[in-house]
Amino acid sequence: MGILLETNKLTKHYGKLTAVNQLDLKIEEGQVFGMLGPNGSGKTTTLGMVLGVTERSSGDFTWFGGENGPETRKKIGAILERPIFFPGYSAVENLKIVAKIKGINTTNMEHVLRMVQLYERRNDRFGAYSLGMKQRLAIAAAMLCDPKALILDEPTNGLDPEGIAQIREIIVNIAGMGKSIILASHLLDEVQKVCSSCIILRKGELVFQGAVSADMGTSKRVEVDAPEQDLLREALKNTPFVLDVEVSKQGFLVSLEAGQDAFTLNKYLQDQGMVLSHLQTLKKSLEEQFLEIVNKS
Ligand SMILES: Nc1ncnc2c1ncn2[C@@H]1O[C@H](COP(=O)(O)OP(=O)(O)OP(=O)(O)O)[C@@H](O)[C@H]1O
Ligand SMILES: [Mg+2]
């Protein structure tokens, strides 16, 4: 698999504000890649720059392992903002207009309408569509030219759970067709459900890049309990590799230094004459880690 997108110190200033700061990214082809970050962290600005709709202040980028010309843009379908369709026209009529504007043919029309589950409703007026259907038509429009990559900026914003689930299914299906997808979202859950790897942006800076499933931090947390809680608390406080102790539902939640685990903690406490009644390793959820990352000032 080749490289989908590479950025080199990509930067955007709006007056005094640095919206994107020296962003170095390398995204591989053939996956759903998440761009996660709270509101205002620079996701849309970054996507705007690499799509050529937002002028960059400095730095550069290439698509598909080295391209950057006008032909490149035709291989990328994108939905940056809510697209404008004509309310009085049907899905089919709107897609024909899109094709005309983009200078592409409509041989793909039926395929993309089925892809976004709008084929049955293809002749209904756009104005009568639900928000989810409107968003799905936007995806159809972006896929009309059979692009190699699809860029989606907050595709589920404003949708109800059913609408969100439909968009997710479509994303997974499109990825299954071998397309690369970049998905920007401020919702961790969204990224977690469909992306295989992601970056996290905070105030225009890259704070994390890696696999979604992998541990994003190195410190482990273990929950422990013992019949004599006061003694346990003392023992934990005196354990050299314990970073933090909190009271939890079932005893104490203990943060361990990197490299330590439930086994080494249990062994250390046993050596101190402490017998545990409960010992459980808690994997820090991506959510906790995400919150930690974004809250760090
Ligand atoms: N046209 C503009 N003029 C001035 N500042 C802007 C402009 N566009 C964005 N910004 C600022 O740049 C920063 C990054 O904004 P951006 O829209 O890229 O964030 P985002 O991560 O997409 O946020 P959201 O989750 O709200 O969509 C913000 O502080 C925003 O106010
Ligand atoms: Mg945005």
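Which element gives the largest share of the shell around ligand 1? The legends below begin with that view.

**View 1. The shell around ligand 1.** The largest share of this shell, three residues, comes from H1. This is a predicted model, in which local features need pLDDT of at least 70 and side-chain atom pairs count only at pLDDT 80 or more, whereas totals for chains, interfaces and linings use all residues. Residues are numbered from 1 along each chain as its sequence is written, and chains are lettered from A and ligands numbered from 1 in the order in which they are written. Around ligand 1 are Tyr14, Leu17, Ala19, Gly37, Asn39, Gly40, Ser41, Gly42, Lys43, Thr44, Thr45 and His186 (a residue is near a molecule if its C-beta atom, placed from the backbone, lies within 6 Å of it). Two or more residues of the shell are given by each of strand E2 (17–28) and helix H1 (43–50); helices (H or I, at least four residues) and strands (E, at least two) are DSSP runs, numbered from the N terminus. The shell has three nonpolar, eight polar and one charged residues, where Ala, Val, Leu, Ile, Met, Phe, Trp, Tyr, Cys and Pro count as nonpolar, Asp, Glu, Lys and Arg as charged, and the others, Gly among them, as polar.

**View 2. Helix H1 and Leu47.** Seven of the eight residues of H1 are buried, namely Lys43, Thr44, Thr46, Leu47, Gly48, Met49 and Val50. A residue is buried if 20 or more other C-beta atoms lie within 10 Å of its own, exposed if 12 or fewer, and partly exposed in between, with C-beta atoms placed from the backbone. Leu47 counts as buried because it has 20 C-beta neighbours inside 10 Å. Not counting residues up to four places away in sequence, Leu47 touches Leu80, Ile151, Asp153 and Ala184 (contact requires C-beta atoms, placed from the backbone, within 7 Å). Just after H1, Gly52 takes a positive phi of about 75 degrees.

**View 3. The nonpolar cores.** A nonpolar core is a set of buried Ala, Val, Leu, Ile, Met, Phe, Trp, Tyr and Cys residues joined through C-beta atoms within 7 Å. In the largest core, of 57 residues, Ala140, Ile171, Ile181 and Leu183 touch the most other members. Helix H5 (residues 131–143) gives the most to this core, with seven residues. Another core, of 11 residues, lies apart from it and includes Val224, Leu236, Phe252 and Leu265. Leaving aside neighbours within four places in sequence, Ile171 is in contact with Val32, Ile181, Leu183 and Val194.

**View 4. The packing of H3 against H5.** The axes of helix H3 (residues 91–102) and H5 come within 10 Å and cross at roughly 35 degrees; axes are lines fitted to C-alpha atoms, for helices over the stretch in contact, and angles run from 0 to 180 degrees between N-to-C directions. Ala91, Asn94, Leu95 and Val98 in H3 meet Leu137, Ala140 and Ala141 in H5. The residues of this contact divide into six nonpolar, one polar and no charged.

View 5. Lys9, in strand E1 (residues 3–14), has a positive phi near 50 degrees although it is a residue other than glycine. Lys9 counts as partly exposed because it has 13 C-beta neighbours inside 10 Å. Asp146, not a glycine, has a positive phi of about 50 degrees and lies in the loop between H5 and strand E6 (149–153). With 14 C-beta neighbours inside 10 Å, Asp146 counts as partly exposed.

How values were computed:
Contact = placed C-beta atoms within 7 Å.
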